[in-house]
Amino acid sequence: MLSTSIKTCWIFVASLLGFFVSSSVPAGEVQPDSYDDQEKHAVQRMILLAPSAPFIIELNQLVDRGSFRATTTDYIERLFRSLDLDQDKYLSLKEIENIPAFGVKRFDQGTPIQRMKLLEIPPSDNRLSLTEFASYIHTAQGTAFRITGAPSRSSQVIELFRKLDQNGDGSISDAEFVASSQTLFIYDRDEDDVYNLAELRPFGANTNAQPLVRQTVETPFLRLDHDRSIKDAINELFKKYVEYTNAKKNALSLACFHSERPDSENVNQYDRNHDRFLNREELFSYLQNPVADLQVQVTLPRQQTFRPQLKLLKTHSNRISDVKAVSSSKIQLRVDSLLLELRAKSSRHMFADTVRFYQTRFRVVDGDKNGYLSQSEFMQLNLPDTDYKKVDQSKDEMLTVEELTDYLIKDTAAVQDQVVMTVENDGKSLFEILDADLDQRLSPRELQRSLQRVKEYDGNQDQSLDTSELRGHFKLTFELGKPELFVFDPRINSMSMNQNRAVQRTLTGPRWFQRMDRNRDGDISPREFLFDPSLFIKLDLDHDQLISPAEAESAEIARKNRTKE
Amino acid sequence: MLSIPIHHHSQQFWSTSAKALVVLMLFSHWTLFNHSSSASEPKTDQTGKRLTHQIDLIIDQAKKREGIVSTHRSTDAEFMRRVSLDLTGKIPPVAELRFFLADQDQNKRKKLIDRLLDRPGFVVHFTNTWRAFLLPGATTDLQSRGQIPEFEAWLRSQLMNNTRYDDIVRQIIDAPLDANPNRETPGNSQGLTPRAYYLANQLKPENLAAGTSRAFLGVRIECAQCHDHPFDNWKQHQFWQYAAFFSNIDQPQQAAIGNTLTVREVAGKPQIKIPDTNRLVDAIFLDGNQPEWEKEQTTPRLRLSQWITADQNPYFAKATANRVWSLFFGRGLVDPVDDFSSANRASHPELLELLAIRFRKHNYDLKYLIREITKSETYQLSSQQTDSSQSRVEWYGKMPTRGLTAEQIFANLVQATGFFQQTTETNPLLSGPGTNSPQTEIFELFKSESENRLEPKATILQALSLMNGAFITNATSLEQSDVFTAIIDFPGLTDEEKIEAFFLSALSRFPTQAESKRLTVYIASAESDEARTHAFSDLFWALLNSSEFLLNH
């Protein structure tokens, strides 16, 4: 009897944890000092790779008015209790045999004694406390916070900036803009002189191609919590702020971290060798506890009912401007040239929607109406990344609606333990700036005029455009993790319609002009011209290597006049 | 095939006999055409050691031995059309053609070859060509078809970077079998893999053995799958020993829609059981050597890829050089290209050996091989037959006339008529029947399983479709067409200049004096402006339906 209940319990635990096993596994997470220290526990730091220098944001995240990490802790406690059979608040050697392997190599090996040694935090007492157990679970499943990028627009995905920045110095010089046609030439697959999104974007970046798969999009926001995330952030800092690196490229100048901040001297104490640079080691210890430029409190409802809130606690940097509290859950501010729009949002309704949606789908796909789903019927449910065997708990090859509901509730509950920050880049991409006629293609004339087009963005007038001069606009949404089984983003669909729209024939100029303009970009290039090149030169009155509708029109008028004479 | 034209035009009032006349005029030209422009490039390379020169030397020696009389050198127009079709998969744009023909540079042909090799069209055409031979059945198999876009994108990126061919082959044979982990990351094209090669071969060791040996080694060992090879030395156990290199791949379970297929590969010494026997055989290379698995600490597929592409491999470089050769002459030095055997000797063994050595020496650079072949005088001969000995195509007395692939036919129609189409992420020719677009219509009509381009067979349906189909009808109508209307409407052109533009658009050459004269008379005989327009329409229609347009010569 007892063994059956343990088994049942384990099936529950295993399915509950199924989600996390596949998630990324951070090592060496920075643990909160004490479980009682709620304030500290609720802090989540992240770094924004802002155009001119890094920017530290401290988020105080509360879920149901408690620390956002407590949510995770509740769950860990439940798990702990289910393992602690003798209820002595410790897991003995015998009890840890039941801890499943989470896929963390350094913890999931050896005999129970060896494993105990690995999991224990010294001093060793041959049993696991809740804190020690939690440390393991934290390590295995990731933190209670996640940053995710919203699907980018195609024009952002193609990274035109990087393509045109031939020497890779982080900016596009005038010369590089002038050479843009030659630089992009190899991407012109159909050789029509015009570059559309399909030619420029990397394969698989079509946002509409696989709507079921969650996309991980790079964002300039990086978490600072466990060792690995800090190390990742350091790598990105070195890549991003090349101008602050020392000659050996192994340290970043202190100036990179105290621009425009009154208390900037705090950073200096981490420069142990007083060389005015922070090397990787020094950076590592600084980023464990960095000086925040901005402190924000996020309050989200989980089981309680209240409106999500967002509060600006403190600003410490002169780089922040135009702060505006739009509503109790929305703040807008500027960091350098970047516009940040922060928003807290409740996603409680998504939970019920998903379950109901799949319950309805269950009835639809149950073709033989026998009240349960066979493996082939289950496949029509299209539950992403879900195995039939995982859902069919009784393993009788008959998946009932109760089993499905049970699975969905557990799966979505596990997801809801995380606070997710979704980053959406609403800024204009270089492609959008250059695409003057908004036809989602770059024509020879648009490339020819690229220099003029970007002039207004060259803020420092240095005849070169860097990414910071392309005004960024980031929307940050804080909410509890949404069940990913049912993803619907209306924006994706509307975008795809735009991308597939037919390009209309040129409607200006005489008919021969409209028809000779085979790529429909509104001009005739030398490559499109069908007759003797000397005629092209004659028609191209302004000698810009393109015949415009007006030039064609004037040729037509001249001919008519000649005929009259 | 053009004798009964039924050209349904909205304003048709010209008799069919008038069209037949135009066709006849073009036909008469087809056999005699191109004497106009003369080629003035020096015949031999100054160094005398270049591969291109040695190709000519060996081919000429063989011709002498066999009593083959060479035809004359191709005209510039003939050469440009041919090399554009061979390197970029389509006829040249009129503007480039005019520029090339007017160019007085002695080295303009060489420069043109270099230019074309750097063009995106080269990458696209060779992606199509290589995909067609690597995944031969994939276009017709619905399950494999879904894998093509990623495979093409991968191949495109390899060709764009001019990756060494041996490296490309190693990547294919040792392709990661798991679903692409980076595919979900837009902005990152690094994660593309050629795993489609495995999926198209259903992950079956016997299919993979047959496919890799044909494609990369030019041998058909699959004939020994069920019994010892009937004409060659391959034994049944040798086939299965080779197939054993793929035996560690686990057959995956069926995946749900939207879920990615996960393929596992087990570790351990690769072995396979010969079907219908109790014999278990180890993985052994075709040369009889067996890897020492304990010592080598490597996976079977990686080890096989290293063996296939090793400099010492007797087949790899030769098979590749032979295949590349066949792309430009319609037949391999060993023909069929994937049938290297004692019963099927090379026509020019010395040349094949030389091509392989140089290919290896130049780091398996496909562009090098292509450049040297296309710069040879052998490649630049005319396709016009001047002596009966030239009908023996294997001795290269003239350039053989070759059929076009479905992709080339569509690309030519687009180039000639100005039909507008946007590049999409996937190859529209692969969307399959039922998709109502001119691309798929042409592809379905002209697709061919045969790699042999020397005997192009036109079907009645193909001819009828080109003569009466909506595509050509629109392309030659004033209301719908692009190129046609642009030429007709352009101000201040004489009839001769218009005829010339139509010839350059469709046939990539100027009309001969005789053609020009006869056609001018023909156009001038029209009694009204409307009739003149229609006469031009019939001319364009006839050019697009001519054999000269539908063949690579």
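In chain A, among contacts (heavy atoms within 4.5 Å) with a separation of 6 or more, 63% come from residues 24 or more positions apart. This is a predicted model, where local features need pLDDT of at least 70, side-chain atom pairs count only at pLDDT 80 or more, and totals for chains, interfaces and linings use all residues. Residues are numbered from 1 along each chain as its sequence is written, chains are lettered from A and ligands numbered from 1 in the order in which they are written, and side-chain values use heavy atoms, with hydrogens and water left out.

Chain A has 565 residues, and 52% of them are buried, meaning under 20% relative accessible area with a 1.4 Å probe, counting protein chains only.

Now hop over to chain B. Helix α15 (residues 316-329) and helix α17 (residues 366-374) of chain B have axes that come within 10 Å and cross at roughly 45°. Axes here are lines fitted to C-alpha atoms over the stretch in contact, with angles running from 0 to 180 degrees between N-to-C directions. Helices are DSSP runs of H or I with at least four residues, numbered from the N terminus. So α15(B) and α17(B) are oblique to each other; that label covers whatever is left once under 35 degrees is called roughly parallel, over 145 roughly antiparallel and 65 to 115 roughly perpendicular.

Who meets whom? On the α15(B) side you'll find B:Trp325 and B:Phe328, among others, and the α17(B) side includes B:Leu369 and B:Ile373.

Last stop: B:Arg303, which sits in helix α14 (residues 300-309) of chain B. At 18% relative accessibility, B:Arg303 counts as buried.

Note on methods: Helices (H or I, at least four residues) and strands (E, at least two) are DSSP runs, numbered from the N terminus. Buried means under 20% relative accessible area, exposed over 50%, partly exposed in between (1.4 Å probe, protein chains only).
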